[in-house]
Amino acid sequence: MTDLAAVDEFRVLTNEETKATAAAISRALRRAARESRKPAPIIVGGGGGGVRARRGDQILRIALILSFVVSVLIPTLSASIYWGLIASKQYVTEAQFTLRSGESSPLDSLGGFGGLATSRQSQDTQIIANYIKSPTIIADVAETIELQKSFGRSDIDYFSRLAPNEPIEKLEKYWRKQVDVKIENSSGIVTITVRAFSPEDSERLASTIVSLSEHLVNRLADRPREEAATTAKTELDRAEKALREAITAMRDLRNTQGVLDAKASAEGINKVVTALRLQLAETESNLLSSGRGIQDSPQLRILKNRADALRKQIADYSAQIAGVGGGANMAGRLNVLSIAQTDLDLARQRYADAATAYQTARVDLETQRAYVVAFLKPILAQDSVYPRRWVEWLLVVVPSLLLWGLMVTLVLKARDNMVR
């Protein structure tokens, strides 16, 4: 009896334990399944996903460590060394100016509304901006400043230095990195920023750019005025030549006609004729008063001869003034000389007008039409502004970390999906 009771009790206990054991095993299996789906701790090592790490996880862990060294550690170390120890100091000089022009266009009357720049001023400002960015100003600056001495010295770090004998394309690219220009469209103010490796070079270069900009604007304004002056000079030479020819023609004609001034000669002859007629009238009056005496008296004959002589002289002089003789009389000579005189007067007037036009064009050419008003003149820098070491360092380090972190996230995400 005792043995049967013991056996029954044992069977009851076994059934309960069996149920409990089955539940425990089920929980253990579910836990094991969850643990097996978890990725192994690749970076710090460990035996995730089982008793030991798989070989592929070890290779991936080594690859991520190497990528960190290459993508983050080396760029960070290089940026720290360069920006902290090697990068040369750069000094900045700023200049601000605006244009004032003596010339205006029909659209300039609209420029006063809202403080807008005039049309010509705006056009000249854009020309200056393009000129400062162009290779042309590099050649103009090189005439007074040796760029290789300013930007290619041996004490400048290799990455900031201007290499010798650079082609114009690379020289222009380097120039635009060191020189910047901005325009305020509303006011027409031009701002020039120059970076150099010494305060003196920066200030001298900024002053040279401002001077060349003013020279450029005046040169552009001078071109139409130079053409106007050239045209006026050509017209003046032509008028002078025509005047000389008219004077020569008048001289030759006077020699041919035998008088200097036909009108004055005619007036002189007319005065003589008038005087002779007065004498003739007096003589005829004496004849009338003497006619009561002896007809053949000597006195009467003298008066008659005198009257006949006076009439003849009057007729001759009158014929010299006007008559059938054509060009031989003063009327004909006056007609010929008057035509020549008219041509001479026109030539003189044309020459006077041409001389006035040329004088006006010459004065206009010598007058400065455009002015660069530099209200913020270049001054000598006291401290270096570039390089901005912390900013430049962060621009290297932060993107490296972000890119590496993004790469690690994508790799682990892909591995997790492959495990599942």
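Colleague: What does the pLDDT average over the chain, then?

Modeller: The average is 75, and 73% of the residues score at least 70.

Colleague: How should I read the parts where pLDDT is low?

Modeller: Where pLDDT is low, the predicted coordinates should not be read in detail.

Colleague: Okay, on to the inside. Which residues touch the most other members of the largest nonpolar core?

Modeller: Those are Ile-137, Trp-175, Ile-192, Leu-205 and Ile-209, out of 33 residues in that core. Strands E1 (91-101), E2 (179-184) and E3 (189-196) each supply at least two residues, and so does each of the helices H3 (119-132), H4 (135-142), H5 (147-151), H6 (168-178) and H7 (199-257). H7 gives the most, with seven residues.

Colleague: What does Ile-192 contact, skipping its neighbours within four places in sequence?

Modeller: Its contacts include Thr-93, Ala-95 and Phe-97, along with Ile-132, Val-179, Val-181, Ile-209 and Val-210. Glu-94 and Asp-180 are in contact with Ile-192 too.

Colleague: And what does the second, separate core include?

Modeller: That one has nine residues, among them Leu-276, Leu-300, Leu-303 and Ile-314.

Colleague: Back to H4. Which of its residues are buried?

Modeller: Ile-137, Ile-138 and Val-141 are. Looking down the axis of H4, the buried residues fall within an arc of 110 degrees, so they line one face of the helix.

Colleague: Why would residues three or four places apart point the same way?

Modeller: An α-helix has 3.6 residues a turn, so positions with that spacing point the same way.

Colleague: Now the strands. How do E2 and E3 run, and how many bridges join them?

Modeller: E2 and E3 are antiparallel, joined by six bridges. One of the pairings is Lys-182 with Thr-191 in E3. The hairpin has four residues between the strands, and Gly-188 takes a positive phi near 75 degrees there.

Colleague: How many residues of E3 are buried?

Modeller: Seven of the eight, so E3 is largely enclosed by the rest of the structure. Ala-196 is in that strand, and Ala-196 is buried, with a relative accessible area of 1%.

Colleague: What is Ala-196 in contact with, leaving aside neighbours within four places in sequence?

Modeller: Lys-89, Gln-90, Tyr-91, Phe-151, Gln-178, Asp-201 and Ser-202. Ser-150 is 46 residues away from Ala-196 along the chain, and their C-alpha atoms are separated by 7.3 Å.

Colleague: You mentioned Ser-202. Where does Ser-202 sit, then?

Modeller: In helix H7. Ser-202 is buried, with a relative accessible area of 0%. The Ser-202 side chain reaches the backbone oxygen of Val-194 at 3.2 Å. Not counting residues up to four places away, Ser-202 touches Tyr-91, Val-92, Thr-93, Val-194 and Ala-196.

Colleague: Last one: is Thr-125 buried or exposed?

Modeller: Thr-125 is buried, with a relative accessible area of 2%. Thr-125 belongs to helix H3. Beyond its neighbours within four places in sequence, Thr-125 is in contact with Leu-99, Ile-183, Gly-188 and Val-190. That Gly-188 is the residue with the positive phi in the hairpin of E2 and E3.

Terms used:
Residues are numbered from 1 along each chain as its sequence is written. This is a predicted model: local features need pLDDT of at least 70, side-chain atom pairs count only at pLDDT 80 or more; totals for chains, interfaces and linings use all residues. Side-chain values use heavy atoms; hydrogens and water are left out. A nonpolar core is a set of buried Ala, Val, Leu, Ile, Met, Phe, Trp, Tyr and Cys residues joined through side-chain atoms within 4.5 Å. Buried means under 20% relative accessible area, exposed over 50%, partly exposed in between (1.4 Å probe, protein chains only). Contact means heavy atoms within 4.5 Å. The arc is that of the directions from the helix axis to the C-beta atoms. pLDDT is the predictor's confidence in each residue, from 0 to 100. Two strands pair if DSSP finds at least two bridges between them. A polar contact is a pair of N or O atoms within 3.5 Å; within protein, one must be able to donate a hydrogen and the other to accept it, and residues adjacent in sequence count only if both atoms are side-chain atoms.
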